[in-house]
Amino acid sequence: MMKETRYLTFALTKGRLAKKTMELFEKIGISCDEMKEPDSRKLIFVNEELKLRFFLAKGPDVPTYVEYGAADIGIVGRDTIQEEGRKLYEVLDLGFGKCRMCVCGPESARNLLNGQELIRVATKYPHIAKDYFYNQKNQTVEIIKLNGSIELAPIVGLSEVIVDIVETGSTLRENGLVVLEEVCPLSARVVVNPVSMRMENERITDLLSKLNGALSCEEGGAE
Ligand code: PRP
């Protein structure tokens, strides 16, 4: 008797990243019509023919699902991978969702980053901020964890600077803030559970090489 193929499960980051991911997957012949129903409250979507399952999760939860093996593969931003520090393989840069992790603040805060002053840093990414200031800059700072609208912090005097994502830069501009230092570039990445990588090596390697092929076509074509 033939061994029945098990489902390969994908955890996608809810929102724009999931949409972009499915657009890319369609280019390599993987589609999931169930996911396109706009009013659906379904949480998990199946492609029976290819034995694939997809579910949508909040970004910071994607590495958790993948580390525990509840998903074999995850699509998530590099910021979240760095912040969560889970045990997984980061195998492919999808090139979309491009932005930068930066230290930002009013221009007047620039000189505070050159000295050894104990400044306050507000951020949604305390691990990334701590690593940057403590290990790369050797500056002791006080990290203040926030959950959103981080740009408010220096405006209302909660912190001197922030560590946050900058995409177009318009949030900073509209609030009189600037990029003071760049921490790292970011984009969407494919992550894989280490056990899945071993057990489903053939299927996962095949998928990754098809994704790579589609990405090189995109790069080659006029966009
Ligand atoms: C992100 C980030 C910045 C903004 C940057 O916030 O935290 O605030 O986008 O984008 P821009 O450079 O194109 O203006 P998001 O909209 O995710 O919401 P949040 O403030 O609740 O984190």
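I start with the term I need: a salt bridge is a side-chain nitrogen of Lys or Arg within 4 Å of a carboxyl oxygen of Asp or Glu. With that in hand, I find Arg6, Asp72, Glu200 and Arg203 linked in a network of salt bridges. The structure holds 17 salt bridges.

Before going on, I note that this is a predicted model, where local features need pLDDT of at least 70 and side-chain atom pairs count only at pLDDT 80 or more, while totals for chains, interfaces and linings use all residues. Residues are numbered from 1 along each chain as its sequence is written, and side-chain values use heavy atoms, with hydrogens and water left out.

**Entry: charged pairs**

I looked up lysine 19 and found a salt bridge with glutamate 23, with 3.7 Å between the closest N and O atoms. Why are they about one helical turn apart? Because they sit 4 residues apart in helix 1 (residues 16-27); helices here are DSSP runs of H or I, at least four residues, numbered from the N terminus.

Next I checked how open these side chains are. My scale is relative accessible area: buried is under 20%, exposed is over 50%, and partly exposed is in between (1.4 Å probe, protein chains only). Lysine 19 counts as exposed at 57%, and glutamate 23 as partly exposed at 41%.

I also looked at lysine 36, which pairs with aspartate 33 at 3.7 Å between the closest N and O atoms. Lysine 36 is exposed at 51%, and so is aspartate 33 at 54%.

Glutamate 107 and arginine 110 meet in a salt bridge too, at 2.6 Å from N to O. I have glutamate 107 down as partly exposed at 45% and arginine 110 as partly exposed at 33%.

**Entry: the ligand**

Which residues surround the ligand? My list includes Lys124, Gly148, Glu151, Asp164, Gly169 and Thr171, where a heavy atom within 4 Å is the cut-off.

Then I went through the polar contacts (N or O atoms within 3.5 Å). A ligand oxygen is 2.6 Å from a side-chain N or O atom of lysine 124, and one is 2.6 Å from such an atom of glutamate 151. I also noted 2.7 Å from a ligand oxygen to a polar backbone atom of glycine 169. The protein covers 66% of the 490 Å² of accessible area that the ligand has on its own, by the Shrake-Rupley method with a 1.4 Å probe.

**Entry: valine 156**

Last, I looked up valine 156, which is in helix 5 (residues 152-156). Valine 156 counts as exposed at 60% relative accessibility.

How values were computed
Helix = DSSP H or I, 4+ residues; strand = E, 2+ residues; numbered from the N terminus. Polar contact = N/O pair within 3.5 Å; in protein donor to acceptor, adjacent residues only side chain to side chain.
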